[in-house]
Amino acid sequence: MNAYDIIIRPVLTEKSYEAIQNKTYVFIVAKGAGKTEIKQAIETIFPGVKVESVNTVTRIGKVKRQGRFEGRRPTVKKAYITLTKDSKTIDAFDSLAQ
């Protein structure tokens, strides 16, 4: 898998903005990606960044109804990336943390 196939997009919420101060970033990742693959992908995409830990959460899609038809929203896997103390920050998020 390519690094850009593993990291799909960042999560931009109030909770993720508050975590940036602690050098923790949240990304939507591929469902089949493991923690080591996610760590390697982050260090490849953002040069100069050293990952300390990766925590993952799989959120099951909610069941939604429209009339008598029932469906399910997509299942999403999120990764909480914590960087080391001496690591460079991710530049794309610097303007958001203020």
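What order do the 4 strands of the open sheet have?

1. The order is S1-S2-S6-S3, with antiparallel pairing. Strands here are DSSP runs of E with at least two residues, and helices are runs of H or I with at least four, numbered from the N terminus; two strands pair if DSSP finds at least two bridges between them. This is a predicted model, where local features need pLDDT of at least 70, side-chain atom pairs count only at pLDDT 80 or more, and totals for chains, interfaces and linings use all residues. Residues are numbered from 1 along each chain as its sequence is written, and side-chain values use heavy atoms, with hydrogens and water left out.

2. At the edges sit S1 (7–10) and S3 (51–59), each pairing on one side only. From one strand to the next, the twist averages 35 degrees (axes are lines fitted to C-alpha atoms, for helices over the stretch in contact, and angles run from 0 to 180 degrees between N-to-C directions).

3. Do look at S3 and S6 (residues 76–83), which pair in the antiparallel sense over 8 bridges. Asn55 stands opposite Tyr80 in S6.

4. Helix H3 (residues 35–45) packs on the sheet and touches S1, S2, S3 and S6 (contact means heavy atoms within 4.5 Å). The direction of H3 makes about 120 degrees with that of S3.
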